[in-house]
Amino acid sequence: MRKSYRVKTENDFQIVFKSGNSIANRAFVIYQLEKPENEHFRVGISVGKKVGHTAVVRNRLKRYIRAVLTENKPLIKPHIDFLVIARPYARNFRWDDVRKNLLHALFLANIIEEIPNKVEED
C-alpha cells in the first residue's frame, strides 16, 4: 500500500484516536474519522507487544492487515481516516482468519458496504 494511503504522523493518529468513533470485534478495534478533504482513505495500523512479543509476529500480522486492505481497496469508502488496532486474540491468526475478522470489523464500522465473498481456490 502506497504511503499516501497511510496515517503516518503521531499527531494524525491522535486526532483519529481522540475524535473518531470506535467499533470492535474480538480481534480488531477500528477508529474512524470522516475527512471530506481526502482524495482517498488513509489507514493507520497498530499491533502492540501484547499481541506478539517478537517483531516477527507483529510484522506478519501487519503485513496480513495491509494485504487485506489492498485486496479490498475499491470497497473502502474514500474521505475517511481509520486506524486498525489488533487485539491479543489475533495473535496466532493465519491469513484467512485475519481476512475474515478484519472484513467483519470494517463492515461493522460501516467502512465497507458488504463483506465480499471469498474466491474459492481449486
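Biologist: What should I know about the model and its numbering before I start?

Modeller: The model is predicted, so local features need pLDDT of at least 70, side-chain atom pairs count only at pLDDT 80 or more, and totals for chains, interfaces and linings use all residues. Residues are numbered from 1 along each chain as its sequence is written, and side-chain values use heavy atoms, with hydrogens and water left out.

Biologist: Which residues have the most contacts inside the largest nonpolar core?

Modeller: General idea: in soluble globular proteins, nonpolar side chains tend to be buried together. A nonpolar core is a set of buried Ala, Val, Leu, Ile, Met, Phe, Trp, Tyr and Cys residues joined through side-chain atoms within 4.5 Å. Buried means under 20% relative accessible area, exposed over 50%, partly exposed in between (1.4 Å probe, protein chains only). Here the largest core has 28 residues, and Phe28, Ile30, Ile65, Phe82, Leu102 and Leu106 have the most contacts inside it. Strand 2 (28–34), strand 3 (42–46), helix 2 (55–71), strand 4 (80–86) and helix 3 (95–108) each supply at least two of its residues. Helix 3 gives the most, with five. A second, separate core has six residues, including Val16 and Tyr31. Helices (H or I, at least four residues) and strands (E, at least two) are DSSP runs, numbered from the N terminus.

Biologist: What does helix 3 pack against?

Modeller: Check its length, then its buried side. The expected span is 1.5 Å times one less than the number of residues. The 14 residues of helix 3 should span 20 Å, and the end C-alpha atoms are 20 Å apart, which agrees. Its buried residues include Val98, Arg99, Leu102 and Leu106. The buried residues of helix 3 pack against strand 1 (21–24), strand 2, helix 2 and strand 4. Phe107, also in helix 3, is partly exposed because its relative accessibility is 37%.

Biologist: Which residues take a positive phi without being glycine?

Modeller: Most residues other than glycine have a negative phi. His79 has a positive phi of about 60 degrees. His79 sits in the loop between helix 2 and strand 4, and is partly exposed at 34% relative accessible area.

Biologist: How many salt bridges does a search of the whole structure find?

Modeller: A salt bridge is a side-chain nitrogen of Lys or Arg within 4 Å of a carboxyl oxygen of Asp or Glu. The search finds six. Asp12 and Arg42 form one of them (3.4 Å, N to O). Asp12 lies in helix 1 (residues 10–19) and Arg42 in strand 3, so the pair ties together parts 30 residues apart in sequence. Asp81 also meets Arg42, at 2.8 Å, N to O. Asp81 is in strand 4, and that pair is 39 residues apart. Both Asp81 and Arg42 are buried.

Biologist: Which residues do shared partners join into one network?

Modeller: Asp12, Lys35, Glu37, Arg42 and Asp81. Lys35 lies in the loop between strand 2 and strand 3, and is buried at 17% relative accessible area. Leaving aside neighbours within four places in sequence, Lys35 is in contact (heavy atoms within 4.5 Å) with His79, Ile80 and Asp81.
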